[in-house]
Amino acid sequence: MTLDAALRPYLSVFSGRFQLMLQYRAAAVAGFITQCWFGVIRILIFAAFYAGGAAHAPMSLANAVTYTWLGQAFLAFLPWNPDPDVADMVRSGAVAYERLRPVDTYAWWYARALGWSLARVAPRAVLMVAFASVLLPLIGLGKWGLPPPPSLDAGGLFALSAVGMVLLSAAITLMLNTVVVATMTDKGAGPLAAALVNTLSGMVLPLAFFPDWLRPWLRAQPIAGLVDIPFSIYFGGLAGWSAAGAIALQFGWVVILALVGRVWLGRSMRRLQVQGG
Amino acid sequence: MPQILVEELSKTYRIAERDPGAMGAVKGLFHRRWRTVEALSGVSFQMDQGELVGLIGPNGAGKSTTIKILSGILEPTSGRCEVDGLTPWRERIRHVARIGVVFGQRTQLWWDLPVIEGFDLLRDIYRVPPDRYAATRDELVALMRLEKLLNQPVRQLSLGQRMRCEIAAALLHEPQLIFLDEPTIGLDAPSKLAVREFVGRLNRERGVTVILTTHDMHDIEALAERVIVIGGGRILADGSFAALRAGVLAERRLFVDFAGNAPEIDLPEVRVVARDGRQTELAFDPRRITAPDLIARIVAAHPVDDIHVEEPLIEEVIARFYDLHGAGES
């Protein structure tokens, strides 16, 4: 089989999911508005915090603002939930059909997860950048907006780290999918994952604000690669070799999660008892 | 070598149980009780390329489990199974590329997508070469009369329309073996006939091997030369339907319309089932007295207007068979 033919199912499910999800324009606009709102609130909180005399704050207010807007722009990458279609399939038993496809189920679901998250993020990120990088400076609020990366290097490293973020997000979604397959319900995986992901990624509070003794551990765990690592690279908080190391860590986690996840999904699938019918 | 080889296939499920009520739920937190259920215990059969076999049995008999193992979805607890030389659950990807499966109670098309886009997606999934795909698709569309349905989202189709699309979808990669698990369930009479006719043609004209499960005995009567009856996880019978009928319920019915009021019929080989006005319904065993003999004796003794013989309904035969083997759902 040629490489082209081998990849065809995966590319097809990726683009199919991407196109389908892009159609939900109302959801994108609603998400954008919500995220603007939360962005403003968070920035107000940071502003109050810094105004209260934060001489020893681990990052500048400007960087905290940048971090906040990036977080709002890429919010939909956070793997809060398993793939809803997979949860439906497990519930209805249609997951049996997934085993009838001549494809590697892990790679197949990974491709769908990628299509799903990219399609949800793309329109919101574009709108958010237009708002925070263009509109806010135009109306004289540039200080509260999202500036471009400080250097070409930072921009390039961020692009690389963003790829890691996308791949990591899909790998964690696949872990959640596997929990759904193993437990036959999506009731447990979602809420627990959302709490863990929000905290450990640095979404609630940048990891730099955590205590010194905790920070190295927080930076090393896989979920940091979803928010803290790429955003810190963006504004130059992580640069040079430490940025390169952080990106290597991201990709390392992607590989580990994918390998473990694939084995685990395979085992769960073999144990799955497709009932009835 | 047969296309399908199944030897001593067994499958047990483990089911968690708990006592009823709140106390039972609390107890279940600390101590799980497991019950094992034998879905299949020692099923063996063989099939050759081009056969059409009906797999029947009561609910919970193990039909679907058998199909799921043969199609690579489930792994059996023990036993051997080869399809075209491949073990389905071990060489799943290579195996499933060569088979087609329709589960009547589920859909393999995508609810939100128009039928044609679902077909295109399947083309990519099964890596069908584009020219080959176009030819197969057009042929299936013509055969199943899907022209008007192609641009509708699957969710808007009626069950009958959807099932025609499902069957076409399972055949786009030209499998030489198809599994149809209750393909006519819930369909109206014309849709059932269409599905039956199509499956029959596929088998006769293309030599596609078909394994069909159904509760509709007319499907079996119309299509299957060979029937495998499963009950309680075992094979109860394997052979032609005629043989099954003869073995279980040989009895036939003779309906006689007499010229006048129906007379008393007193023949040792015959049992009177009903007598109403001028008509009498008689039950007889063709092994003890043949239909021509019986008719000759009645016509010789009484003036008769009309006479006809009926075989018992196929449903009756099967219900009787399940009873005899204690295979009814427990």
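## Helix crossing in chain A

A crossing of two helices is left-handed if the near helix is turned anticlockwise from the far one by less than a right angle, and right-handed if clockwise. In this predicted model, helix 2 of chain A passes helix 6 of chain A in a right-handed crossing.

Helix 2 (residues 25-51) and helix 6 (residues 105-138) of chain A have axes 9 Å apart and pack at an angle of about 45 degrees, which makes helix 2 of chain A oblique to helix 6 of chain A. Helix 2 of chain A contributes Ala28(A), Gly31(A), Phe32(A), Gln35(A) and Cys36(A), which meet Pro123(A), Arg124(A), Leu127(A), Met128(A) and Phe131(A) of helix 6 of chain A. The contact of these two helices has 7 nonpolar, 2 polar and 1 charged residues.

## Contact between chains A and B

Between the chains, 19 residues of chain A are in contact with 24 residues of chain B. On the chain A side, helix 1 (3-22) and helix 5 (95-98) are the elements that give two or more residues. Helix 1 of chain A gives the most, with 6 residues. By class, this side has 10 nonpolar, 5 polar and 4 charged residues.

## Sheet in chain B

Chain B has an open sheet of 4 strands in the order 11-12-10-13, with antiparallel pairing. Its edge strands are strand 11 (270-276) and strand 13 (304-310) of chain B, each pairing on one side only. From one strand to the next, the twist averages 20 degrees.

Strand 11 of chain B pairs with strand 12 (residues 279-284) of chain B in the antiparallel sense over 6 bridges. Val272(B) stands opposite Leu282(B) of strand 12 of chain B. Helix 10 (residues 291-301) of chain B packs on the sheet and touches strand 10 (252-258), strand 11, strand 12 and strand 13 of chain B. The direction of helix 10 makes about 160 degrees with that of strand 13 of chain B.

Technical notes. Residues numbered from 1 in each chain as written. Chains lettered and ligands numbered in written order. Predicted model: local features only at pLDDT ≥ 70, side-chain atom pairs only at ≥ 80, totals over all residues. Contact = placed C-beta atoms within 7 Å. Nonpolar A, V, L, I, M, F, W, Y, C, P; charged D, E, K, R; others polar. Axes fitted to C-alpha atoms, helices over the stretch in contact; angles between N-to-C directions. Parallel < 35°, antiparallel > 145°, perpendicular 65-115°, else oblique. Pairing = 2+ DSSP bridges.
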